[in-house]
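Please open the structure in a viewer and keep the selection panel at hand.

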Amino acid sequence: MKKVYLLVLILFTSFGFSQKTKDSILSRKLDKYRELTISLPPSYDKDAKKTFPVIVLLDGDYLFDAFQGALSYGNYWDDLPEVIIVGISQNKDNERFDDCSVDKETGLPDTKGSKFFEFIGGELLPYLQTKYRISPFKIIAGHDVTAGFINYFLYKDDPLFNAYISLSPELPLEMENVVADRLSAIKKNIFYYQSSADGDIKKMKEKIKILDENIKTIKNENLNYLFDEIKGASHYSLVLHSIPNALYQFFAAYQPISTSEFQEKIVKLPSGYVDYLIAKYDILEKAMGMKMNIRYNDFKAIEAAILKNKAYNEFEQLSQLSHKMYPKTMLGDYHLAMYYENTGDFKRASKTYQNAFQMEEIGSLTKDMMLNKADELRVQIKK
C-alpha cells in the first residue's frame, strides 16, 4: 500500500513538471471528432530539434494522470526520459466498448473495432507525427478491454508500436496463443509488459496466466518481457502498481548506472568495461531512437571499475570516449593521464594533467586537482 500512497502523492504534484492540454482530431474512419489529452515534456520548447518517445493511452480519461505522474517523478530523478503522452478519451459516452468491439467467432475486431484500429494507425499517429516531434519509439497502453485491444497491433507483420503495456487485459478468443506466436516471430526490438493481481477478475486472470506461460517459452532475443502479479491488489488498484514497473522495465537502459548495476554486472566483468558503457547507450539509440551524451557519473562508474580490477589499459579507450562526449572539458585528458600514471609513465602523466588544467572543469574534476596531480607526479619522477 505504501507504493499506492506514494503514487497518489505524485499525481497531486505532477502538474509542476509538465502541463496537459486538450486537443481533438476529426476522424474520417469514425466520422466524428475524438478528444485527446496531450502532455509535452518541460524541455519541449528548449530544443527545436530534439525528438521524444510517445506513449498513446487508451482509456486516457483515467490512465492519463497516473502515467503522467509516474513519468514526471521518474524524470525528475533522471531515471526515466521525457515522453510525449497522448490520452484518447473513451469514457465520456462509453465509446470504449464500441472502439474495442470484437467478433466473438473470429476473435478479431468487428466493423466498429476495425474502424477504431484504423483510426489509431491511419489517422492518429500520422497526425501526432506531423504536429509533434516524435522519436521512432512508440508505446501503447490500456486497461482490461482496451489492454486486450492493443494486442491487435502485434498481429501486423511490422507492428506500429515498439512497446505494449497491458494492464489486466481482457483477452478475446485465442489471443493468449496468437500474441505469443507473434512475439516469437518479431524480428525487431519489442517490449511487452502485462500485469494481473491476486484480487483480479477470475476469468480474465486465467487467460492472462496462459499468455504469460506461452510467452515465457519464447526464445527471441528481440523480446523484452515482464509479467507482474501484484499481491494485495484488485483489478483496479493494480494499475498504480503496474505503471512504474512497466516504465522502469522499458527504460532500464536509460537509467544512470546504479550501485546494484555496478556491483552485480560491471565489476564482475573480466574486461570490457568501456565496451559495456558504449553498449548501454547504443541500446537507447538503436532500440528507442534516443541519442544522448554519456553521463559524467557513468564515466566515473566505469573509471572505478577499471581501478578496482586494475584493468589500466582501458583508460586509453575511456579517454577517447570522454574526449568525444565532452571535448571542451578536462575529462578526456584526465582519463589519459590516469592511463599513463597507472602504467608507470609518470612524466607523460604529469604533462597530461597539466594539459587538463587548461580545459573546462566538469563534475568533481577541478583545475586545482589537476595541478596537484601534476605536482605529485613530478615528485615521483625526481625520486
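Select His235 to begin; this residue lies in the loop between strand S8 (223-234) and helix H8 (238-250). Helices here are DSSP runs of H or I with at least four residues, strands are runs of E with at least two, and both are numbered from the N terminus. The model is a predicted one, in which local features need pLDDT of at least 70 and side-chain atom pairs count only at pLDDT 80 or more, while totals for chains, interfaces and linings use all residues. Residues are numbered from 1 along each chain as its sequence is written, and side-chain values use heavy atoms, with hydrogens and water left out.

Is His235 buried or exposed? His235 counts as buried because its relative accessibility is 3%; buried means under 20% relative accessible area, exposed over 50%, and partly exposed in between, with a 1.4 Å probe and protein chains only.

Next, display the surroundings of His235. Neighbours within four places in sequence aside, His235 is in contact with His143, Asp144, Ser168, Gly199, Asp200, Ile201 and Met204, where contact means heavy atoms within 4.5 Å. With Ser168, the side chain of His235 forms a polar contact of 2.9 Å. A polar contact is a pair of N or O atoms within 3.5 Å; within protein, one must be able to donate a hydrogen and the other to accept it, and residues adjacent in sequence count only if both atoms are side-chain atoms.

Now select Ser168, in the loop between strand S6 (163-167) and helix H6 (175-185). Ser168 counts as buried because its relative accessibility is 0%. Its side chain is also joined to that of Asp200 by a polar contact of 2.6 Å. Residues up to four places away in sequence not counted, Ser168 touches several others, including Ser195, Ile208 and Leu238.

From here, move to strand S5 (residues 134-143), where nine of the 10 residues are buried. S5 pairs with S6 in the parallel sense over five bridges; two strands pair if DSSP finds at least two bridges between them. Which residue of S6 is the bridge partner of His143? The partner is Leu167. Strand S3 (residues 52-57) also runs parallel to S5, joined by five bridges, and Val56 has Ile140 in S5 as its bridge partner. In a regular strand, side chains alternate between the two faces of the sheet.

For the next stop, select strands S1 (residues 20-27) and S2 (residues 32-39), which run antiparallel and are joined by eight bridges. Lys20 stands opposite Ser39 in S2. The hairpin has four residues between its strands, and Asp31 takes a positive phi near 55°.

Then select Lys373 in helix H15 (residues 367-382). Lys373 counts as partly exposed because its relative accessibility is 21%. Beyond its neighbours within four places in sequence, Lys373 is in contact with Glu341 and Tyr353. Glu341 is 32 residues away along the chain, and the C-alpha atoms of Lys373 and Glu341 are separated by 9.9 Å.

Finally, show the whole chain. The protein chain has 15 helices and eight strands, and its C-alpha atoms fill a box of roughly 85 × 45 × 40 Å along the principal axes. Of its 383 residues, 52% count as buried. Among contacts between residues at least 6 apart in sequence, 72% join residues at least 24 apart.
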